[in-house]
Amino acid sequence: MAASKKPRYVDVSNPSLAVDCPHCGLRTARFVDHCRNCGYKLWPSTHMASAAFQAWRAADPARAEASRFDLEVPRHVDNTFDFTARARELGIHLFPNSNWPFTICAGCLFLGLAAIPFASTTRIVLAVIGGLIFLYGVVGWVIIEDVRMYPAEDASHTGEAHH
Ligand SMILES: [Zn+2]
C-alpha cells in the first residue's frame, strides 16, 4: 500500500496545475484523480494524486499556495480601486463618507415623536428639537463637509449643475 502512494511519474518541471483530459480533451485539474468534466480516472487513487501534488508543490516555493483543485497557481493581484478618484475623473459627484446621516436620523426620531398626539406644547417642543437636529445634520453633511471635500468642483465646472 505504501508503494502505491509514492508519486512515481510526476513531471515536477511542468509548472501547469491543469491538464487536458486524455479522454474528453477538456481542461481539468492535474492532481485530482478524476477528470472534472467526464469523470475519467487520471490517477490510480486519490492518495497517489495527492502525493504527486505534494511532490510537485515542494519542487518550487512559488507553488506553496497552490491547491490541487485549482487550475492555476493563485497570484496575488492588488485589485483595490480608488472609486473616489475615478468618480472625480468622470465628473460624478459622490457624497463623502460621513457620520452626519446619523444626526439627520436622530432629528427624524424627534420629528416622528412630535407626530404622536401628545399635548400641544410637548409636540411643539419635540418638533423644534427634531427640526434643529435635522437641519444641523443636513447643513453639516451637505454644506460644510461636502464643500470641504470638493472645494474646486464649483470653480472648475462652472457650467455644470451641483448634483
Ligand atoms: Zn475528461
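This is a guided tour of a predicted model, one selection at a time.

Before selecting anything, note that residues are numbered from 1 along each chain as its sequence is written, and that side-chain values use heavy atoms, with hydrogens and water left out. Because the model is predicted, local features need pLDDT of at least 70 and side-chain atom pairs count only at pLDDT 80 or more, while totals for chains, interfaces and linings use all residues.

**The whole chain**

Begin with the chain in cartoon view, where the secondary structure comes to five helices and two strands; helices (H or I, at least four residues) and strands (E, at least two) are DSSP runs, numbered from the N terminus. If you switch to a surface, the chain exposes about 11,200 Å², of which carbon and sulfur atoms supply 63%, an area that comes from the Shrake-Rupley method with a 1.4 Å probe, and for residues only the protein chains shown count as cover. Of the 163 residues in the chain, 24% are buried, where buried means under 20% relative accessible area, exposed means over 50%, and partly exposed lies in between (1.4 Å probe, protein chains only).

**The zinc ion**

Next, select the zinc ion and show the side chains of Cys21, Cys24, Cys35 and Cys38, whose SG atoms coordinate the zinc ion at 2.2 to 2.3 Å. Donors here are N, O and S atoms within 2.8 Å of the metal (3.2 Å for Na, K and Ca), and sites may look incomplete because water is not among the atoms. Along the sequence, these donor residues are spaced C-x2-C-x10-C-x2-C. The angles among the four donor atoms run from 103 to 113 degrees, and the site is tetrahedral, a label given to four donors if all angles lie between 85 and 135 degrees. For comparison, the ideal angle for four tetrahedral donors is 109.5 degrees. Is cysteine 21 buried or exposed? Cysteine 21 is buried, with a relative accessible area of 3%, whereas cysteine 24, at 31%, counts as partly exposed.

Now select residues 46–58, which form helix H1; its 13 residues reach 18 Å from the first C-alpha to the last, close to the 18 Å expected at 1.5 Å a residue, where the expected span is 1.5 Å times one less than the number of residues. The buried residues of H1 are Met48, Ala49, Ser50, Ala51, Ala52, Phe53 and Trp56.

Move on to aspartate 82, which caps the N-terminal end of H2, with a side-chain oxygen 3.2 Å from the backbone nitrogen of threonine 84. After H2 comes glycine 91, whose phi is positive, near 75 degrees.

**Serine 98**

Select serine 98 in the loop between helix H2 (83–90) and helix H3 (100–114). Serine 98 counts as buried, at 19% relative accessibility. The side chain of serine 98 reaches the backbone nitrogen of tryptophan 100 at 2.9 Å, and a polar contact of 2.7 Å joins this side chain to that of glutamate 145. A polar contact is a pair of N or O atoms within 3.5 Å; within protein, one must be able to donate a hydrogen and the other to accept it, and residues adjacent in sequence count only if both atoms are side-chain atoms. Serine 98 and glutamate 145 are 47 residues apart along the chain, and their C-alpha atoms are separated by 8.2 Å.

**Helices H3 and H4**

Finish with two more selections. In helix H3, pick leucine 109, which is exposed, with a relative accessible area of 51%. In helix H4 (residues 120–149), pick glycine 140, which is buried, at 2%. Leaving aside its neighbours within four places in sequence, glycine 140 is in contact (heavy atoms within 4.5 Å) with Trp100 and Glu145.

How values were computed. Four donors count as tetrahedral if all angles lie between 85 and 135 degrees; four count as square planar and six as octahedral if opposite donors are over 155 degrees apart and all others between 65 and 115; anything else is irregular.
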